[in-house]
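Here are my notes on the model you sent over. Have it open while you go through the points.

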Amino acid sequence: MIFIAFAITSTYSYLQYSQIRTELLTATQNNDRQLNAAMEMRVAVRERAILLWRMTLQTDYFERDEALQQFYNHGSNYHKARMAILTSQLSPEEKSLMEVLDKETTKRAPILRAFADRLLLAEENTEHTQSLNQTLTDQIIVADLLDSMIALQQSQNEYARYHSAEEISDLVSTLIMFMVLIITGGFMFATYVIMTTTKQSQQLAKVNDRLEHLACHDNLTGLPNRMFLLQQLERLLSLVHRKKNLAAIMFIDIDNFKSINDTFGHDFGDQCLKSLTKNMISVLRGFDILGRLGGDEFLVLINEIESPNQTAIIAHKLLEILDTQYTVKNDTISISASIGVYILSDQTESSKEAIILADRAMYQAKESGKNRFVII
C-alpha cells in the first residue's frame, strides 16, 4: 500500500513537472520567435531612416538609386518579420499593439515611399530638411511602438518563468506533504523522490537562468544586448541626475564592415566581431559596460568621469585597439572604427536622446574621415 502511494505520488509529480516544463518551453520559444521578428522590424525601421538621410546628402543619381533599392529591401524584411509575428501565437496585448502598429505604418508608409521616390529624382541643392524631419519623426513613432512590443515580449518571457517557478514550488510543497503522510512506512523511498524532484527543480532553474541570460545578452559576442543596455543607461542617467556628476556613452561603428561581410562571408565577419569585442574589453575599465546594439554597432557606458578629457583618453585607446588587420585568403584586411561620444549630465533628459546624440557624433566622425572620434 505504501509502495502504491509512493508510486502514485511520484507519477503525478513527474507528469505535472513535464507539463509545466513543456508549457514553459512552448511559451518561451513562441516569445523568442516574436522577439527576434520584432527586433528585425526595429532594425529595418532604423536602416530605412538612415538611408533616407543619406539620400538627402547624395548628389549622384545612381548612388541614390542604390540606396532606394536598399530602402525597399529593408521594407521587405520588415514585412517578412511582421508576418512571422502575425502567424505566431499572440496574446491580446500583442494583438492590440500590432493593430496600433499596423494602423500607424499604413498611415505613414505611403508618405515614406513618396518621399523616398522624390529623393531619387530630386535635383541638386534641393532642400529636404522639413520633409526629412517629418519622415524621421514618423519613423521614431513606429520605432517606439516596436520597442513597446519588444518590452512586452520580454515581460511575457519573465512572467512565464515566474509562473512556472511558482507552479513548481506548489508542486514541491504538495509532494512534501504527501511524503510526510506516508514517511513512517517508506522513509527511504520518500527521500529518493524528494532528491529526484529537487534535482529536477535545479535543472529547470538552470534552464530559466539560461533563458534570462539569452534574453539580455547577444548570442554572438556574449555582450549585453540593446534591451539590457537601455536598462543600464536609464540607471546611469538616474545616478547622474542624483549625484550631479558626469558620465558618458560611446557609440562605436566598425568602418566599412558591410563590405567585409559581403566579400569574405558572414562567418569571417562574426569571427572579426568576436575578436574586436575581446580587444575592446581589454582596454575598458572594469566598471564600464560594453554592449552590442546589433550588426557592427556597439555602445559603451562610461561611469563617473571628472571631465570629458577622460573619455578622450578611453576613445583613443579604443581606436588604437580597433585599428587592426586580419589576413584571409592571402588578402590583408584593415579594420578601424568611428566613435561618437556624448557626455551625460544632469541636463540630459532621456536615454533615447543620449543615444541619438551619440549616434549623431559617430556619423560626424565618419564624415570627417573615419577612424576617429567626436565628442559632443
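**Notes on the core, a helix pair and one aspartate**

1. The largest nonpolar core has 32 residues, and those with the most contacts inside it are Met250, Ile252, Phe268, Phe298, Leu318 and Ile335. Such a core is a set of buried Ala, Val, Leu, Ile, Met, Phe, Trp, Tyr and Cys residues joined through side-chain atoms within 4.5 Å; buried means under 20% relative accessible area (1.4 Å probe, protein chains only). Among the elements that each supply at least two of its residues are strand S1 (246-254), helix H7 (257-264) and helix H8 (266-283). Helices (H or I, at least four residues) and strands (E, at least two) are DSSP runs, numbered from the N terminus.

2. Keep in mind that this is a predicted model: local features need pLDDT of at least 70, side-chain atom pairs count only at pLDDT 80 or more, and totals for chains, interfaces and linings use all residues. Residues are numbered from 1 along each chain as its sequence is written, and side-chain values use heavy atoms, with hydrogens and water left out.

3. Have a look at Phe268: leaving aside neighbours within four places in sequence, Phe268 is in contact (heavy atoms within 4.5 Å) with Ile260, Tyr326, Val328 and Ile333.

4. Now Asp253, which sits in strand S1. Asp253 is buried, at a relative accessible area of 8%. Its side chain makes a polar contact of 2.9 Å with that of Lys366; the term means a pair of N or O atoms within 3.5 Å, where, within protein, one must be able to donate a hydrogen and the other to accept it, and residues adjacent in sequence count only if both atoms are side-chain atoms. Not counting residues up to four places away in sequence, Asp253 also touches others, including Asp296, Ser338 and Met362.

Methods:
Buried means under 20% relative accessible area, exposed over 50%, partly exposed in between (1.4 Å probe, protein chains only).
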